[in-house]
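Hi,

Here is the structure I promised to pass on.

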Amino acid sequence: MIFDILTLFPEVCEAYCQASILGRAAKAGLINVRTVNIRDYAQDRHRTVDDVPYGGGDGMVMMAPPLARAIEDLQPQPPARVILMSPQGPPLDQDKVRELARWPRLALVCGRYEGVDERVRERYVHEELSLGDFVLSGGELAALCVVDAVSRLVPGVLHGADSAEADSFMDGLLEHPHYTRPPLFEGVAVPEVLLSGNHAAIARWRRKESLRRTFLRRPDLLARASLSREDLLLLEEVRGEEASGEGA
Ligand SMILES: C[S@@+](CC[C@H](N)C(=O)[O-])C[C@H]1O[C@@H](n2cnc3c(N)ncnc32)[C@H](O)[C@@H]1O
């Protein structure tokens with residue numbers, strides 16, 4: 001999987017991608033994260049990439065020519081999918097991440113200042129993506145979120161075949177809670193079933209707690225999730241426990 005991040009701050013992106021899971025995945029050749037400094041495509045001696053907005057007003061706008069040249073120069077041509085990070089795009093979610101993971105190559109364009117000249121969006125961008133309804137100073141964090149979330153779905157990046165499958169949202173639910181040593185922390189014990197060694201009972205407990213979390217925190221997800229007959233029975237138990245105040 002190849003990611004091209006087009007940015008004015010490549011060093012920010014490189015540092016994140018060299019660490020931990022992404023760094024290991026890159027070393028193993030499972031992903032290739034390349035950064036393109038948009039400023040390298042400026043054509044004056046000051047390496048100018050922004051200019052004042054037509055019509056006046058505060059702030060600067062990223063000029064079309066350097067950005068267009070940077071996108072056109074991506075190799076091999078044409079780039080698989082050009083995505084503009086933008087607060088005006090639809091918000092990123094796990095369904096979108098799964099969809100993006102099917103492309104062999106993504107080009108992620110990071111805006112700065114007031115954003116990019118509209119003609120770049122019209123001519124070069126296949127889609128826009130937002131991290132949510134708030135405004136960041138630049139698209140780098142958003143692009144890194146895409147790289148990170150998509151990479152987790154690239155086969156071999158996560159250790160243990162099931163790690164990504166069990167994550168929140170993968171089956172439409174929030175994941176169950178996790179515990180590790182010590183067994184007793186500040187008077188709170190790990191749920192006994194997790195120490196039992198009974199794999200069927202542990203799986204049932206995890207599924208039920210996943211349903212409970214989703215029911216309590218994100219009922220909107222539950223309405224869309226495809227639930228088995230057993231899930232529905234567990235959910236009934238959860239509803240009863242929560243109504244009677246016996247919930248975990
Ligand atoms: C300061 S913002 C520009 C915001 C723009 N003036 C607006 O109001 O829509 C600069 C850049 O940060 C990035 N950005 C800001 N918020 C974002 C978000 N929620 N999701 C993705 N990218 C974002 C975009 O690349 C944007 O071009």
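**What I found**

Arg 47 sits in the loop between strand 2 (32–37) and strand 3 (50–51); helices (H or I, at least four residues) and strands (E, at least two) are DSSP runs, numbered from the N terminus. Before going on, please keep in mind that this is a predicted model, where local features need pLDDT of at least 70, side-chain atom pairs count only at pLDDT 80 or more, and totals for chains, interfaces and linings use all residues. Residues are numbered from 1 along each chain as its sequence is written.

Back to Arg 47: its phi is near 55°, a positive value in a residue other than glycine. With 13 C-beta neighbours inside 10 Å, Arg 47 counts as partly exposed (buried means 20 or more other C-beta atoms within 10 Å of the residue's own, exposed 12 or fewer, partly exposed in between, with C-beta atoms placed from the backbone). Phe 169 also has a positive phi, of about 80°, and is not a glycine. You'll find Phe 169 in the loop between helix 6 and strand 8, and it is partly exposed, as it has 18 C-beta neighbours inside 10 Å.

That loop between helix 6 and strand 8 (184–185) holds Pro 182 as well, which is joined to Arg 181 by a cis peptide bond with omega of about 5°. Another cis bond links Gln 75 and Pro 76, with omega about -10°; Pro 76 belongs to the loop between helix 3 (64–72) and strand 5 (82–85).

Now the overall picture. The protein has nine helices and nine strands. Its radius of gyration is 23 Å, well over the 18 Å from the globule rule for 248 residues, so the protein is more spread out than a compact globule (the radius is taken over C-alpha atoms, and the rule is 2.2 Å times the number of residues to the power 0.38). The C-alpha trace spans about 70 × 40 × 35 Å along its principal axes. There are two domains to look at, domain 1 (2–151) and domain 2 (184–244), with bounds from an automatic or database domain assignment. Their centres, taken over C-alpha atoms, are 39 Å apart.

On the inside, 26% of the 248 residues are buried.

Met 62, in strand 4 (residues 61–62), is buried, with 21 other C-beta atoms within 10 Å. Setting aside neighbours within four places in sequence, its contacts include Val 49, Leu 67, Gly 111 and Gly 115 (in contact means C-beta atoms, placed from the backbone, within 7 Å).

Which residues come nearest to the ligand? Of the 19 around it, they are Pro 87, Gly 111, Gly 115, Gly 139 and Ala 142, where near means a C-beta atom, placed from the backbone, within 6 Å.

Cheers

How values were computed:
Two residues are in contact if their C-beta atoms, placed from the backbone, lie within 7 Å.
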